Structures are given as C-alpha cells and as structure tokens.
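Please take a look at the structure below. A short report follows, topic by topic.

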Amino acid sequence: MEGYRLFLITHIGAGSVALAMFWIAALARKGSSFHRRVGQGFFGAMFAVLASGVPLTLGMIERGRPASAMFLAFLLLLTGSGCWNAWCAVRRRRDRLAYFGGLFWMLAAINAVAGIGIVVLGIRLASPLFQIFGGVGVFVLVDSILRWRKSAQDPMWWLREHYGAMIGNGVATHIAFFSIGLRNAFPGIDPALVQHFAWFGPLAVAFVAAFWLGRRYGRRPGARAAIPQASGRFAGRTAAQLVEPGLE
C-alpha cells in the first residue's frame, strides 16, 4: 500500500512538472536554447510519469481492476510513443528514413492493435471513453501512413512531426490534470459530465490545434519560400535553412 502511494505521488508530481514545462516550452521562443532546455525538462518529467505508471498499472490488477489497468497501460503506450516521436523528430530531422524506421512503425502498429483491444473492451463495458480513446490508437497508425507519404516531398516534415507529437503529449498532461483537479472542484455538477469534459475537452482542443498548425505550416514548400508567421529563430527563414546545422 505504501509503495503504491509513493508511485502515485511521484506520478502526480511528475505530471504537474510536465504540464508546467509544456506551457513554458510552448510560449518560449522556438529554437532558442531556453526552449530546448525546457523541452528536455519536459521529457525528463514525462519519463518519470511513464515509469511510475507501470507499477500503478500492476497495482490496479492486484486491486481487482483489470479493465482500468488495461486502459492505463494503453494510455502509457500512447503517451510514450508520442514522447519518443517528438524527441526523435528533432534529433533525426536530417535523416527522414531513420525517423520513419522500424521502431516508428512498430510503435504505430502496437498502438493500433492495442486500440482495437480497448475498443472491444469498451463495447463490452458500454464505455464510450474506452471506445473513443481506443479509436485514437487506430488513428495513430492511419495518420502515420499519411504523414510518411507526405513527408517525402516536405523538407519541414520533422517540424510537423515534432509539434504533432507534442500536441498528443499535451493532451495526456491536461487530461491527467483535469481528471484529478476537477474531480472535486464542482460538487454541484454531475460527476459524469465533469469526467467527460476532463477527458474529451483536451482531445477536442488537440484536433483544433492540429488543424490550425497544419494550416499555418502545412502548405507545400514550393508554394512559398519562407514561413512568414513562424516565430523566434524560425521567423523569415526558408525550409532549407531550418534544416541546416545549428539548431541542436
């Protein structure tokens, strides 16, 4: 019991740090050393979240909650995949084939298979939450194929991969925050309604953010010589310049 509580405290604490780091990095000047350092702090906090989530999953099984354990394990898989892709997109931005390698496709396939399992479990339990988030796992594979096909003619593929994965990471941190922080904040409101907002609100915002960023950065490179609306070190720079050394 004490061990479980320790892992739970670690999980919540690391998640709180990750949430703060997410917004600091989002508001920082992109490409700056400060942005990179905060990003590294974010990934460090997320590693603690994922590591502490494993014993929490096992603890749920011991407590007789196998369905919740399966769902948490699936969320850890989704989040871990997003963190890995966000990190690798920057580290391997000059080697598209290395990024879209075996591990990338293995993670996408595992997410899809696990997502189908969660959808089936959600149908058996009559849980819309399980069904919708299980569908996200399937979407990961389909979207990965589409992104891979488009990336061949896109020098900025790595930037879109990075911010797309970071949107997913933001969904995970906000869901964790809202599902815990809002649980007792509105005692007069139906708990089911609060729960649905905590889970589906960040997911809906993520799709809007992905659409907006896709419109902002998603035009084909030939359609423009630079990215006029990019901020900080990206401002006014061409796609070719953005993949030159110096952004490590």
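Which helix gives the largest share of the nonpolar patch? Helix 6 does, with 3 residues. The model behind this report is predicted.

## The nonpolar patch

The patch covers about 390 Å² of surface. Five names make it up: Ile 116, Val 120, Val 138, Val 142 and Leu 146. Helix 5 (102–125) and helix 6 (128–151) are the elements that each give two or more residues to this patch.

Val 138 sits in helix 6. Its relative accessible area is 31%, so Val 138 is partly exposed.

## Overall build

The protein chain holds 9 helices and 0 strands. Read from the N terminus, its elements run α-α-α-α-α-α-α-α-α. The chain has 248 residues, and 39% of them are buried.

The accessible surface of the chain is about 13700 Å². Carbon and sulfur atoms account for 69% of that surface. Take the contacts between residues at least 6 apart in sequence: 70% of them join residues at least 24 apart.

Helix 2 covers residues 33–62, which is 30 residues. After helix 2 comes Gly 64, with a positive phi near 80 degrees.

Most residues other than glycine have a negative phi. Ala 126 is not a glycine, yet its phi is positive, about 55 degrees. Ala 126 lies in the loop between helix 5 and helix 6. Is this residue buried or exposed? Ala 126 is exposed, because its relative accessible area is 62%.

## A buried asparagine

Asn 169 belongs to helix 7 (residues 157–181). Its relative accessible area is 0%, so Asn 169 counts as buried. Which residues does Asn 169 touch, leaving aside neighbours within four places in sequence? They are Phe 42, Phe 43, Thr 79, Gly 82, Cys 83 and Ala 86.

Cys 83, one of these contacts, is itself buried, at 9% relative accessibility. Cys 88 is buried too, at 3%. What of disulfides? A disulfide is a covalent bond between the sulfur atoms of two cysteines. The count in this model is 0.

## Salt bridges

Side chains of opposite charge can pair when their charged atoms come close. How many salt bridges are counted here? The count is 3.

Asp 143, Arg 147 and Glu 161 are linked in a network of salt bridges. Arg 147 pairs with Asp 143, and their closest N and O atoms are 2.8 Å apart. Both lie in helix 6, 4 residues apart, about one turn of the helix. Arg 147 is partly exposed, with a relative accessible area of 25%. Asp 143 is also partly exposed, at 23%.

Arg 147 forms a salt bridge with Glu 161 as well, with the closest N and O atoms 2.5 Å apart. This pair links distant parts of the chain: Arg 147 is in helix 6 and Glu 161 in helix 7, 14 residues apart. Glu 161 is buried, because its relative accessible area is 5%, under the 20% cut-off.

Asp 154 and Arg 160 meet in another salt bridge, 2.4 Å from N to O. Both of these residues, Asp 154 and Arg 160, are buried.

Technical notes. Residues are numbered from 1 along each chain as its sequence is written. Side-chain values use heavy atoms; hydrogens and water are left out. A disulfide is a pair of cysteine sulfur atoms within 2.5 Å. Buried means under 20% relative accessible area, exposed over 50%, partly exposed in between (1.4 Å probe, protein chains only). Contact means heavy atoms within 4.5 Å. Accessible areas come from the Shrake-Rupley method with a 1.4 Å probe; for residues, only the protein chains shown count as cover. Patches are made of residues with over 30% relative accessible area and no salt bridge: like charges are joined within 9 Å, nonpolar side chains (Val, Leu, Ile, Met, Phe, Trp, Tyr) within 5 Å. A salt bridge is a side-chain nitrogen of Lys or Arg within 4 Å of a carboxyl oxygen of Asp or Glu. The expected span of a helix is 1.5 Å times one less than its number of residues.
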